[in-house]
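Thanks for coming, everyone. Please have the sequence and the model open while I talk.

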Amino acid sequence: MNQIHHFLNGQVVEGASGRTAPVYNPATGEQRAQVELASASETREAVRIAHAAFAKWSKITPLKRSRILFKFKALVEEHADELARLISSEHGKVFSDAKGEVTRGLEVVEFACGIPHLQKGEHSLNVGTGVDSYSMMQPLGVCAGISPFNFPAMVPMWMFPVALACGNTFIMKPSEKDPSAPMRLAELLKEAGLPDGVFNVVNGDKEAVEVLLTDERVQAVSFVGSTPIAETIYATASAHGKRVQALGGAKNHMVIMPDADLDQAVGALMGAAYGSAGERCMAISVAVPVGEETAERLREKLIAELAKLRVGPGLVDGPDNDMGPLVTREHLEKVRGYIQTGVDEGAELVVDGREATVEGAGDGYFVGGTLFDHVTPGMRIHREEIFGPVLAIARAASFDEAVAMINDHEYGNGTAIFTRDGDAARQFCEQIQVGMVGVNVPIPVPMAFHSFGGWKRSLFGPLHMHGPDGVRFYTRMKTITQRWPSGIREETNHFTMPTL
Ligand code: NAD
């Protein structure tokens, strides 16, 4: 059985805890590997290594750090197909989605290559007589990242390139469901010339995380995962004096106004709701058509498109399927359970993915694209994150009702509006209580040079990931006010300028 170890001090290191977790291929249901789960003492050793590496790494010139990241970028590009295959074989998403994930991660690496420009600090001359003030943005020290299963390469790449570029050292704790891609990224960082100990991967679960949240040598924690865990991570790490950004779950709505280009909206919805089997924090899981006529037309078009959705293994010869399996059998059961809950709550199950026949499915964790209509805000299938290929139509009588439905929801990660009306779009952008908004764009994921993050219970902590917020998160500002009165020079400096 393939064993997945840890990556410490520049090497793959076998774990000694004796605890492991199975890693499955979701397309076949077969166990493909076993990942070691670090003990508390193994995790403390990783912290010691990262702490020791900080002194040197933080003093390396910013340009040298950038050059290593440039090399890393080239290596990730060279190995993009290999990484995408690794992702697909443990997560299940189709190859093109996995490749897209690598590309989005790479964009953060590209952003990080230019960080010297953003880390220059500030300077004010003559804030008083003979007094200047300047601020420097210094790295924090050891930073930790804890990532979810759904983007095993991209989410770690939201974190560590920015942290490393700013001069920090890093410990990554990937999801135990699909840990191979981050392990491969660690090897590529080493190949790019990153000094040993600057980037480490500790595989593990709650036991390892507990150390990262409480060890006083860890200065900052970046977390992405479900809301209950994000909230706990934020509370625990903050109580231990750490800087924390903890991104949580989501329930994203797309408003379709009566004047929208419906074909464009439906095409966008199909990708946003069912791509990656709905296992995306920016997936659209609720369509909100405004007006009965819009709702009827939308429903008919979605039914027609769902009949064409190709569901199957992520790695196939020939053209990709549209959607792969879910990540684990347990998650499959959870999603199937939610479909039943929707039926029990009185929503209309228009397309039942539980009945889908999937070619080449074997024992894989497949469920087909599912569509509910007449979903209302009180229902659990509207309130809770399902994280599967289940789209709910929640009809709204007016623009104001659609906005209120979104603003009343506990999550505020992403949302979108499809309309031809500039004023409606503008009002929507201003009024909506959500962190990332799309106008005729279904998954409004900000580019790497902007920052990524939601509002309300989708993010705990003030700073978003990557972009300017990422640089602020991984640096600490120090402001120096210095006085060099000219009188001192006049009294003590006997050097006279030569006359020309
Ligand atoms: P999860 O919360 O179960 O796990 C996330 C990480 O936390 C993993 O590394 C896991 O090992 C660790 N963890 C789990 N339980 C823990 C505990 N009790 N104590 C300490 N650590 C623990 O999330 P998941 O199922 O891997 O990922 C899916 C979730 O992530 C969804 O809710 C999704 O919306 C969310 N997500 C959010 C964003 C965002 O940007 N807001 C992005 C991607 C995923």
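One reminder before the details. This is a predicted model.

Let's start with the overall layout. The protein splits into two domains: domain 1 covers 2-248 + 458-481, and domain 2 covers 252-439. Look at the numbering there: domain 1 is given as two stretches. The C-alpha centres of domain 1 and domain 2 are 31 Å apart.

Now the contact between them. Domain 1 puts 21 residues against 24 residues of domain 2. Which elements give two or more residues to the side of domain 1 that touches domain 2? They are α3 and α4, with α4 spanning 95-113. Sorted by class, that side of domain 1 has eight nonpolar, nine polar and four charged residues.

On to the ligand. How many residues surround the ligand? There are 27. The closest are Pro148, Gly225, Ser226, Gly249 and Cys281. Which domains does the shell draw on? Domain 1 and domain 2 each supply at least three residues. By class, the shell has 12 nonpolar, 10 polar and five charged residues.

Now look at β5, residues 30-36. With β1, strand β5 pairs in the parallel sense, over three bridges. Gln3 has Gln34 in β5 as its bridge partner. Ile4 has Val35 in β5. With β4, strand β5 runs antiparallel, and six bridges join the two. Here Ala21 has Val35 as its bridge partner in β5. So much for the bridges; now the turn. β4 and β5 make a hairpin with four residues between them. Gly29 sits in that turn, with a positive phi of about 80 degrees.

The other sheet has seven strands. Reading across, the order is β15-β16-β17-β14-β13-β19-β20. This sheet is open too, with mixed pairing. Which strands are at the edges? They are β15 at 348-351 and β20 at 436-439, and each pairs on one side only. Ignoring direction, neighbouring strands are turned by 20 degrees against each other on average.

Inside this sheet, find β14, residues 284-289, and β17, residues 390-393. These two strands run parallel and are joined by two bridges. Ala287 has Ile393 in β17 as its bridge partner. A helix packs on this sheet as well: α15, residues 422-431. Helix α15 touches β13 at 252-256, β19 at 414-418, and β20. The direction of α15 makes about 175 degrees with that of β20.

Last topic: helix pairs. In general, two packed helices are described by the angle between their axes and the distance between the axes.

Pair one is α2, residues 62-78, with α6, residues 154-165. The packing angle is about 150 degrees, and the axes are 9 Å apart. That angle makes α2 roughly antiparallel to α6. In the contact, Arg65, Ser66 and Leu69 in α2 meet Pro161, Leu164 and Ala165 in α6. By class, that is four nonpolar, one polar and one charged residues.

Pair two is α3, residues 80-91, with α7, residues 180-191. Here the angle is about 155 degrees, with the axes 9 Å apart. α3 and α7 are therefore roughly antiparallel as well. From α3, the contact uses Leu83, Leu86, Ile87 and Glu90. From α7, the partners are Ser180, Ala181 and Arg184. This contact has four nonpolar, one polar and two charged residues.

One link to take away. Helix α3 packs with α7, and α3 also gives two or more residues to the side of domain 1 that touches domain 2. That's the tour.

Note on methods. Residues are numbered from 1 along each chain as its sequence is written. This is a predicted model: local features need pLDDT of at least 70, side-chain atom pairs count only at pLDDT 80 or more; totals for chains, interfaces and linings use all residues. Axes are lines fitted to C-alpha atoms, for helices over the stretch in contact, and angles run from 0 to 180 degrees between N-to-C directions. Angles under 35 degrees count as roughly parallel, over 145 as roughly antiparallel, 65 to 115 as roughly perpendicular and the rest as oblique. Two residues are in contact if their C-beta atoms, placed from the backbone, lie within 7 Å. Ala, Val, Leu, Ile, Met, Phe, Trp, Tyr, Cys and Pro count as nonpolar, Asp, Glu, Lys and Arg as charged, and the others, Gly among them, as polar. A residue is near a molecule or strand if its C-beta atom, placed from the backbone, lies within 6 Å of it. Domain bounds come from an automatic or database domain assignment. Two strands pair if DSSP finds at least two bridges between them.
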